[in-house]
Structure formats: structure tokens, C-alpha cells
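The following note collects comments on the structure shown below.

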Amino acid sequence: MYVFVAPGQGSQTPGMLAAWLRDPAHAERLRLWSEAADVDLVHLGTKASAAEIARTENTQPLLVAAGLLAHEALATFAGPAEPSVAAPWPAGTAPGPAVAAAGHSVGELTAAVYAGALAPADAVRLAAVRGRAMAAACAETPTSMAAVVGGDEPDVLGRIGELSLYAATFNGPGQIVAAGAVEDLDRLTAEPPPGATVKRLPVAGAFHTPYMESARRTVAAAAARTPFLRPTGALLSNADGRIVSDPDDLRTRLVEQLVGPVRWDRCLDTLGRLAPDVTVCLPPARTLAAILRRQLPELTAVSANGPRDLATVRKRLDAVRERIGAMPERPAPVRERLDAAGSRTAPATAPEEGRAHARL
């Protein structure tokens, strides 16, 4: 059993697509996605500066495109198809029991493609709409984000609440990202919670908080026009780490994610219960691979940063397929394994409820 995880904003690096584009097929695919998203992904992935790709409207489609180039490359890795396989590959070419996918923030769009719920071009298009809408929302009010590292969680959340800030991202124990007005973040930096340090993040605004409400409305309109399919694999939700199985539920969660916290800690909890044989960290893999090593050191993780890594990834996936194929009985399906561990699929969060609980 294996899992794919896709990174979010902050993972980008200049020239991150250059190696992929040496393959004419990948270059043509990227040109098509550029047209669909109305953004020059070839330029952003090869010649753009760090400052240019750090702009929210550029970062988000660029990151999704990077993960999906790996998707395209792995699709050529042929193997026997199985009914329980997540379907990033055409029928008859799946490389074995690919069971789950998860993505951090905008990476959830990438993960939705790997789980068979969204077409690649639609994922890149939605990422571009999302990025532009969030950049516009950032221009409305001076806001930002800061990582709070260490301290006891109740103390950290209490201090964040005292300052009228929001807990926007939970990356794991001792790693919470606060977001809100710049002056309130200044106060948090000056007087952090006991035992914690605060590091300001170079982002344009308070993502995953009610400050993104105008962006939520824009993305909701775009998502309503986008076809979503029932995931054929287990897609883990940023909202609570649970499996999403209904297309409308997935659409709602992807939209509400803009104004609600990213619970990557709960996604990691689910990954720990799944105990995959291999976890593939999609490009650019460095940030999520580091989190996985720190939070789940018992898992075997392999990074797919560029085309040169594909041989290693394929070798690992092939080994899992061969081991599963040699078993006298198939392992329990992923949903049975999660149910046995006490995790169940949760219903969609209602829009008003999601926003009411965004501040913790």
C-alpha cells in the first residue's frame, strides 16, 4: 500500500520545472495547462525569479503543475490494474495498490487528481483561480502569518485568541501557524506564548481565515462549474484528516478550506493509522518530507523532486506491488483499516459552521 502527499505554498523554488521540461511531452502538457489556467507556467517554472514565483497568484498553479507532471510521468509505469487502486493512471496501467492521497492546502487539488476525483487541467485551472482570488483578498487588509513553534497547545491557542488572531494551520505537535492583522502578529512576536518562539512567514496575507472570504466566494463559483468525480482512492481532507468519498462533499471542503484551518496534523494521524509501505512526497518534496520524517519517522518516505527520482519511486512502488501480489490474501481495504483504527468518513462541514470554527 502506498500514499502520495502533495505540498502547499512555501515549497516552491526557482527553476523547479526545468528538468521536467526537457521531455517534449511534459513541455507540451505544461503549455496546455498554461492555456487552461491563463498563466505562463513554462516561464514561472524555468526563468522566473524567487520573488515572482512567491506571488500567491503564481505559486499556487505552479505547485499543482509540478505535482501533476510527476503524475503524468508515473502514468507511463505499466502494471496490472486492480479494483481498489486509486486512479491517477489510465485503466490497465496502474502500478499496484495506490490507496491514498493527501495535499497540504493548495496541494489538496493535486491530491484530488491522484485520487481520481479531478482532471489535471481542471486542478491547475482551479489553482490559478484560487491563487488570484487569494492575492486579491490579501490586498483588502494588511494581514500575514507567523509560525508558533513549541509551547503547550492550550497556551498557544489561548494567546492566539487573546490577540484576535486565527490558528490557520496545524502542522503537528508544537507547530501552529497564526494568521491575522499585521499589528496583532507584531504583538504575538513581541510577547509569544510561554515556551514558544514566533517566526514571521513571507506570505501575502492571512490564508485559511475569514480574511479570505471574498476569495472563498470566487473559488466557490469556479468550483461549481468544475466536474468532480467520486474518488476511486482514499482522499484525505485538510479539514479533519478523514476520507472524502462524495464529489459534492469534496467540492465543499476545497472551497471552505480557504477560510478554515488546515489540519495537516490530523492528516498525519490518518497516515499513521494507514501505515503505508511507501509514502511518495510529490515535488517540490523537501518541506513535506521533512515534516514526515519528524512526525512519522516509522514511515518509509521517498521524494519525487524531479525526473531523476522517478526510477527510485517506481522501484519502491513495484516492490510494494510484488509483495502484495505474493500474499495469499489481499490486505483489508483502506476504509476497513481506518474503521478498525477508529476513523470514519465525516460529512461535509456546513459553510457557516466552517467559518464559525475557523478561529480557535
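**Comments on the predicted model**

1. Seven elements each supply at least two residues of the lining of the largest pocket: helix H4 (56-74), helix H6 (120-138), strand S3 (143-150), strand S4 (166-172), strand S5 (175-181), strand S6 (196-201) and helix H12 (286-295). Helices (H or I, at least four residues) and strands (E, at least two) are DSSP runs, numbered from the N terminus. The model is predicted, with local features needing pLDDT of at least 70 and side-chain atom pairs pLDDT 80 or more, while totals for chains, interfaces and linings use all residues. Residues are numbered from 1 along each chain as its sequence is written, and side-chain values use heavy atoms, with hydrogens and water left out.

2. The largest pocket holds about 870 Å³ of space. On a 1 Å grid over the protein atoms alone, a pocket is an open set of points with protein on both sides within 12 Å along at least five of seven lines, a cavity is a set where a 1.4 Å probe fits but cannot get out, and lining residues have an atom within 4 Å of a point. Grid points are joined across faces, edges and corners, and a volume is the space filled by probe spheres set on the points.

3. The lining of this pocket comprises 33 residues, and Gln9, Gly10, Asn171, Val177 and Leu201 lie nearest the centre. Strand S3 provides the largest share, four residues. By class, the lining has 16 nonpolar, 14 polar and three charged residues. Here Ala, Val, Leu, Ile, Met, Phe, Trp, Tyr, Cys and Pro count as nonpolar, Asp, Glu, Lys and Arg as charged, and the others, Gly among them, as polar.

4. Methionine 145 belongs to strand S3. This methionine counts as buried because its relative accessibility is 4%, where buried means under 20% relative accessible area, exposed over 50% and partly exposed in between (1.4 Å probe, protein chains only). Its C-alpha atom is separated by 8.2 Å from that of valine 182, 37 residues apart along the chain.

5. How many cavities of 30 Å³ or more are there? The count is one, and the largest cavity has a volume of about 80 Å³. Helix H5 (107-114), H6, helix H9 (213-224) and helix H10 (247-256) each give two or more residues to its lining. H10 gives the most, with three. Among the lining residues are Glu108, Arg130 and Arg251, and the lining divides into seven nonpolar, two polar and three charged residues.

6. Helix H1 (residues 24-37) has 14 residues and reaches 20 Å from first C-alpha to last, close to the 20 Å expected at 1.5 Å a residue; the expected span is 1.5 Å times one less than the number of residues. The buried residues of H1 are His26, Ala27, Leu30, Trp33, Ser34 and Ala37. Seen down the axis, these fall within an arc of 125°, so they line one face of the helix; the arc is that of the directions from the helix axis to the C-beta atoms. The face turned away from the buried side carries the exposed residues Pro24, Ala25 and Glu35.

7. Helix H11 (residues 264-274) has Trp264, Asp265, Cys267, Leu268, Thr270, Leu271 and Leu274 as its buried residues. Just after H11, alanine 275 takes a positive phi of about 50°.

8. The structure holds zero disulfides, a disulfide being a pair of cysteine sulfur atoms within 2.5 Å. Cysteine 138 is buried, with a relative accessible area of 8%, and cysteine 281 is buried at 1%.
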